[in-house]
Amino acid sequence: MVYDTTEHYNRLAGRYDENWAHRPDYVAWMAGRTAEWLRPSPGERMMDLGSGTGLFLREMVKSAAPDTPILCVDPFQSMLDQVPDDPRYRTICASAEDVAEGKVPLPYDKLDVIACKETIHHVRDIAGTLASLARMMNPGGRILLVSLVPRLEYPIFQAALDRFEENQPNPEGMRRDMEAAGLRAELAYEEWPVTVDRDEYIELVRRQWMSVLSTFSKEEIEEGVKEIRQRYSAGSISFKDRFAFVYGVKP
Ligand SMILES: C[S@@+](CC[C@H](N)C(=O)[O-])C[C@H]1O[C@@H](n2cnc3c(N)ncnc32)[C@H](O)[C@@H]1O
């Protein structure tokens with residue numbers, strides 16, 4: 001099931017980047033890993049599907065230029081309004097489906113590089129969307145889906161972990177979808193260690209910073225907070241942030 005995220009992202013947009021402000025090393029790592037997988041070169045046509053605020057594009061944008069800007073595609077204008085005011089970014093308000101179905105045309109005939117980080121779980125028809133994207137790629141073009149693994153280790157409450165897992169697409173399934181779309185595909189897992197203060201984390205949970213948390217009522221969130229307090233004592237909590245990197249190359 002793909003849930004409606006309109007309220008979630010419009011509420012979050014103005015403060016989205018703040019949710020990562022306490023983890024600058026993570027943002028730098030993820031921005032670097034995305035660029036290392038995709039290896040963009042100057043002059044290549046790049047798109048970030050579900051770019052949000054563009055927070056993780058700091059490395060990729062170094063290969064962009066005002067005449068070949070990186071296309072930041074996102075269905076929520078409130079998110080795109082936070083993209084840096086820099087001519088190397090060009091925002092396009094559209095969903096992945098709008099782009100894949102050709103409802104919103106892109107300024108590039110073909111694409112060389114497509115990033116899609118923590119967005120694919122919002123897409124209804126993943127296989128169909130990947131097939132369309134593959135047709136939009138130049139030979140040698142690369143696509144990277146970065147997706148949280150279905151079974152998270154996050155210190156959130158059990159019902160949220162379970163609901164997240166139910167809705168999160170299977171990474172191996174997405175790798176197969178890429179192969180079926182005619183790409184050479186591979187799947188790798190990478191993780192980043194996280195240490196957070198329990199009570200600061202509880203505030204993030206109360207702010208419902210993950211879209212799955214926005215599917216719970218305020219009362220359910222408070223019940224969840226009680227559970228987190230029971231499970232973890234005050235002070236630091238350490239866990240791993242684990243991501244699937246599903247990478248495809250067009251032969
Ligand atoms: C978790 S955020 C990730 C944003 C950004 N890629 C990042 O890593 O910071 C998910 C993004 O997907 C966007 N989104 C939601 N539904 C989408 C859809 N159907 N197609 C493309 N993007 C979508 C949201 O607006 C949001 O910006």
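This is a predicted model: local features need pLDDT of at least 70, side-chain atom pairs count only at pLDDT 80 or more; totals for chains, interfaces and linings use all residues.
**A tour from the ligand to a helix pair**

Of the 20 residues around the ligand, the ones that come nearest are Gly50, Gly52, Ser95, Ala96 and His122.

Now zoom out and switch to a cartoon view of the whole chain. Its secondary structure comes to nine helices and seven strands. The radius of gyration is 18 Å, close to the 18 Å that the globule rule gives for 251 residues, so the chain is as compact as a globular protein of that length. Turn the model to view the chain along its principal axes: the C-alpha atoms fill a box of roughly 55 × 35 × 30 Å.

Next, select residues 198-206, which form helix H8, and residues 218-231, which form helix H9. How far apart are their axes, and at what angle do the two helices pack? The axes are 10 Å apart and the angle is about 160 degrees. An angle over 145 degrees counts as roughly antiparallel, and H8 and H9 are therefore roughly antiparallel to each other.

For your last stop, show the side chains where the two helices touch. H8 brings Ile202, Val205 and Arg206 to the contact, while H9 brings Ile221, Gly224, Val225 and Ile228. Colour this contact by class too, and you will see five nonpolar residues, one polar and one charged.

Terms used
Residues are numbered from 1 along each chain as its sequence is written. A residue is near a molecule or strand if its C-beta atom, placed from the backbone, lies within 6 Å of it. Axes are lines fitted to C-alpha atoms, for helices over the stretch in contact, and angles run from 0 to 180 degrees between N-to-C directions. Helices (H or I, at least four residues) and strands (E, at least two) are DSSP runs, numbered from the N terminus. Angles under 35 degrees count as roughly parallel, over 145 as roughly antiparallel, 65 to 115 as roughly perpendicular and the rest as oblique. Two residues are in contact if their C-beta atoms, placed from the backbone, lie within 7 Å. Ala, Val, Leu, Ile, Met, Phe, Trp, Tyr, Cys and Pro count as nonpolar, Asp, Glu, Lys and Arg as charged, and the others, Gly among them, as polar. The radius of gyration is taken over C-alpha atoms; the globule rule is 2.2 Å times the number of residues to the power 0.38.
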